[in-house]
Amino acid sequence: MARQYPWVLAAVPWSPDLEYTRGRLYGKPLLSRNTAPRHLLATRRQLRASGKRPGGQDPVAFLYFRCRKAGKTVYANLYLIDAAKPVRPMTPGRREALAKAMAARRTCRECRETGYAELPKAHRTCEACLYSAGLEPDSYLHEFLRGEPTLDAAGHAALSTHDHIAIGWELAG
């Protein structure tokens, strides 16, 4: 059985010499793990970690590797480090827009209170409002509740963190 991506000696954009690659993908060199020159090529995340961005350049090669968790082959774009541009600085307007977007992710759609953690994307509702609105049959909160809730959403919101823990023990125990 032949390899899917055999070794090929080919011309590459980052070197005047011929180099070994794993063939071509969409007309660009294909590299496997630990074969890309780290001082010349980087992925988007590696560029970002060094304070750079691709800056409009097209990828010069592709890196492929096998993701065991997903059970499939993953391809990553590789960019020239020398052609990368510095990351644009954060402006006050952009910072404000990001703060508003993050606050919207933490705001309950029922009681409009803003918490400290991002709410689940499916319903964007805090646990206190879930108690009063009734739970879906597959909700994880069924493990903690027995019977009907004793407080409404306003009552749960008014409780301190210590009171929430004490009530959780009463309901679960």
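Read along the sequence, the protein follows the pattern β-β-β-β-β-α-β-β-β-β-α-α-α-α. The model is predicted, so local features need pLDDT of at least 70 and side-chain atom pairs count only at pLDDT 80 or more, while totals for chains, interfaces and linings use all residues. Residues are numbered from 1 along each chain as its sequence is written, and side-chain values use heavy atoms, with hydrogens and water left out.

Student: How many helices and strands does the protein have?

Tutor: Helices (H or I, at least four residues) and strands (E, at least two) are DSSP runs, numbered from the N terminus. Counted in that way, the secondary structure comes to 5 helices and 9 strands.

Student: In what order do the strands of the open sheet stand, and which strands are at its edges?

Tutor: Two strands pair if DSSP finds at least two bridges between them. The open sheet has 5 strands with mixed pairing, in the order E3-E4-E7-E8-E5. Each edge strand has a single partner strand, so one side of it is left without a neighbour in the sheet; these strands are E3 (24-25) and E5 (41-42).

Student: In which sense do E4 and E7 pair, and which residue is the bridge partner of Leu31?

Tutor: Strands of a sheet pair through backbone hydrogen bonds, either parallel or antiparallel. Strand E4 (residues 28-31) and strand E7 (residues 61-67) are joined by 2 bridges in the parallel sense. The bridge partner of Leu31 in E7 is Leu63.

Student: How many residues lie between E1 and E2?

Tutor: Strand E1 (residues 8-12) and strand E2 (residues 15-21) run antiparallel and are joined by 5 bridges. Ala10 has Glu19 in E2 as its bridge partner. The two strands form a hairpin, and the number of residues between them is 2.

Student: Is Thr21 buried or exposed, and what is its relative accessible area?

Tutor: Thr21 is found in strand E2. A polar atom of its side chain lies 3.3 Å from the backbone nitrogen of Gly23, a polar contact (a pair of N or O atoms within 3.5 Å; within protein, one must be able to donate a hydrogen and the other to accept it, and residues adjacent in sequence count only if both atoms are side-chain atoms). Buried means under 20% relative accessible area, exposed over 50%, and partly exposed in between (1.4 Å probe, protein chains only). Thr21 is buried, because its value is 1%.

Student: Which backbone oxygens does the side chain of Gln57 reach?

Tutor: Gln57 is in the loop between strand E6 (52-53) and E7, and at 17% relative accessibility Gln57 counts as buried. Its side chain reaches one backbone oxygen at 3.3 Å, that of Pro54. At 3.1 Å the side chain of Gln57 reaches the backbone oxygen of Leu80.

Student: Which residues lie closest to the centre of the second largest pocket?

Tutor: On a 1 Å grid over the protein atoms alone, a pocket is an open set of points where a 1.4 Å probe fits, with protein on both sides within 12 Å along at least five of seven lines; lining residues have an atom within 4 Å of a point. The second largest pocket has a volume of about 230 Å³, the space filled by probe spheres set on the points, which are joined across faces, edges and corners. Of the 13 residues that line this pocket, the closest to its centre are Ala36, Arg38, Leu41, Gln46 and Leu63.

Student: How far is Val74 from Leu63, C-alpha to C-alpha?

Tutor: Val74 is found in strand E8 (residues 72-80) and is partly exposed at 25% relative accessibility. Val74 and Leu63 are 11 residues apart in sequence, and their C-alpha distance in space is 8.2 Å.

Student: What is phi of Arg124?

Tutor: Most residues other than glycine have a negative phi. Arg124 lies in the loop between helix H2 (92-106) and helix H3 (127-133), and at 10% relative accessibility Arg124 counts as buried. Phi of Arg124 is positive, near 45°.
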